[in-house]
Amino acid sequence: MLLRRGFSRFAGDRGTTTVIGFRNPARCAGTEAAVKSDSKNVDQKKRGRGQFEIPPPKYFAGAVKPLDPKVTNLYVSHRTHNCGELRKTHLGQQVTLSGWVQFHRVKAKFMVLRDGYGSVQLIFSEEKVKPEWDIENISLESVIQVRGTVMCRPEGQQNPNMLTGDIEVEVEDFELLSKAKSELPITVREQVKITELNRMTYRYMDLRFPEMQSRLRFRSKIISEMRKFLGEKCGFVEVETPTLFKRTPGGAQEFIVPSRMPGKCYTLVQSPQQFKQLLMVGGIDRYFQVARCYRDESARPDRQLEFTQLDIELSFTNQQGVMDLAEDLISQCWRSTVEPDLPAHRFPVLKYDNVLNDYGTDKPDTRFDMKIKNIFEDIRLIVDSCSPTLRSILTAKDGTLAAIVVPKGQNAWPSKSSLAKLVKDQLQLFSIPLWLKAFQVPDISSWPNFGENEQVSNAIKSKLGPLSNHGDVILIAAGRKFEALSLLGRLRVIAADELEKATGVAVRCQGPNFLWIVDFPLFEPGEEPDTLKPTHHPFTQPHPEDAHFLFTDPLKVRGQHYDLVLDGWEIAGGSVRIHNSGIQRRVLGELLKIKPHSLHHMLEAFESGCPPHAGIAFGIDRLIAVACGAPSIRDVIAFPKAAGGRDPMSGAPVDMTKEDQLLYHINCLPKG
């Protein structure tokens, strides 16, 4: 079961995060390179997911619906209007504006002034300019305040690309509030390309770009709508839970927080999982929280050491109740912020086994077809006739053979060498033996034999021939079922990307495409022989139809776990919880070999009377990134960490002082 989130087991409902790519290849070339660089050391379990190439649509058009200007100007003393609100209706009015100098041309005596709401052109007439203003020496990004009169731009000088493009402000008074140095590391102009390192190092300047302003305001609006829906419409109670806690058995690496008690420490919570279940025991039967979560893992475009999730839990419900709540929540937020006309219908529900067989992943992008075709059943009786390499793979445990047909795939891979490179690059991502062939579909009379004898090649041709046409590309993979399907799932997404890139024609239909994935296995094999680990976390309730297998054949048991997927991205996940202390104790001790004492507080709480309960968590960072079409979740977080968990802006993490080491009873080992 390596396809799922190996890094988040035991952590609770996840607000996990994933890299997002621009559909426009020119926009994302640098980002893709960074992703590849950051991803070199990715565990093969995670490399098989096909998560690096799906280009999400940009549903959010890039500008939050403007606030009432009266609201934006409340409680401020340095302006009467913001820079984005002035129109022809303001002609002749005296206004006071404040903001940053984005552009100026001294001889023509005009500037462009920008704030968080837009930009406006300023005109300086010679008879009104005072020498002490020294406007010739005003540096870009200096903060100024001006007072002047709104005027119509001269005929033919209107700028349709600016909301304020029909007017300009003739300046009558000027004040320099803060002078910027003449040589800045970042120029805040849309056409200027900035390195990722500079963006992170000078984040306070990067935030001035309209795109970042827009994304953060959109994020704020989404979270506000979530709070409004849960609190005002559904009667949920927002409860803050502790950040400092104790180590959770198993799961992701947690941050250790030393205490002043010798040898004692806290950990930062991976999620509020245990606390929200304890709130159910305590009678807070409808809980939510916009929670900060922490995991000590390398920060890449698809992960952050600290991230945000919307955490929800409620008592006396079941799986369908939580799924209905989540659908209503996300639909309400989507209609309020993105698409007012989102159709009102329930999201499709797909089973884990089916999506793995059809799409090679548990987070399928169903906006395009290109499903995986099983070939193994067609050659099962003639496996002994296969070549030694293919035969050894197919006769091993869980061996399979499958393929995808890429319609008009020769547009993406016009030569045999391009296909050979694709095969080589993809096989390098897997450490186990896999057999992968890629070829352009010729006339039916000249199909390749794949290095197999006539009987085997004819069986493959009879299966795939009727499904393909001249000019298509066929990708065939053999290996352990899970890895072979994962490889094809990854190739399916790459194929859609490459076709869209090569032809400029959308392969994916218009979204959003929300869907549920259910019936996940409750457990999967552990790293050591004859051990188990939970697919989700150890508190997930077994499926009632499989409960009789729980302690006899646990790998047959499905969990009451559900993921919400949007266009190939998991945006939420949750489960029904175990509320019986006896079952929970046995799951921990007998099946997972976790000492029940490490979770004694949970078990004791269940013994005090615990209602049936279930919950879900939305990954805020990922949801916003998908909606915005952002190249990385870093682009929807105000102050993210760079690769390795570093903060180039502040230099964090920093060395511990000797005084801190003494205070917290820590002896730091020498570097290296």
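## The main core

A nonpolar core here is a set of buried Ala, Val, Leu, Ile, Met, Phe, Trp, Tyr and Cys residues whose side-chain atoms link up within 4.5 Å. Keep in mind that this is a predicted model. Its largest such core has 49 residues, and the members touching the most others are Ile312 and Phe618.

The largest share comes from α8, with 8 residues.

## A second core

There's also a separate core of 36 residues. Among its members are Met370, Ile372, Trp413 and Ile517.

## Around Gly99

Gly99 sits in strand β1, which covers residues 94–105. Is this glycine buried or exposed? Its relative accessible area is 3%, so Gly99 counts as buried.

If you look past the neighbours within four places in sequence, Gly99 is in contact with Leu113, Arg114, Ser142, Val143 and Ile144. Val146 is worth a look too: 47 residues separate Gly99 from Val146 in sequence, while their C-alpha atoms are 9.0 Å apart in space.

Leu67, Val71, Leu74, Tyr75 and Tyr117 make a nonpolar surface patch of about 590 Å². One of these, Val71, belongs to helix α3 (residues 69–72). Val71 has a relative accessibility of 48%, so it goes down as partly exposed; the cut-off for exposed is over 50%.

Definitions and conventions
Residues are numbered from 1 along each chain as its sequence is written. This is a predicted model: local features need pLDDT of at least 70, side-chain atom pairs count only at pLDDT 80 or more; totals for chains, interfaces and linings use all residues. Side-chain values use heavy atoms; hydrogens and water are left out. Buried means under 20% relative accessible area, exposed over 50%, partly exposed in between (1.4 Å probe, protein chains only). Helices (H or I, at least four residues) and strands (E, at least two) are DSSP runs, numbered from the N terminus. Contact means heavy atoms within 4.5 Å. Patches are made of residues with over 30% relative accessible area and no salt bridge: like charges are joined within 9 Å, nonpolar side chains (Val, Leu, Ile, Met, Phe, Trp, Tyr) within 5 Å. Accessible areas come from the Shrake-Rupley method with a 1.4 Å probe; for residues, only the protein chains shown count as cover. A salt bridge is a side-chain nitrogen of Lys or Arg within 4 Å of a carboxyl oxygen of Asp or Glu.
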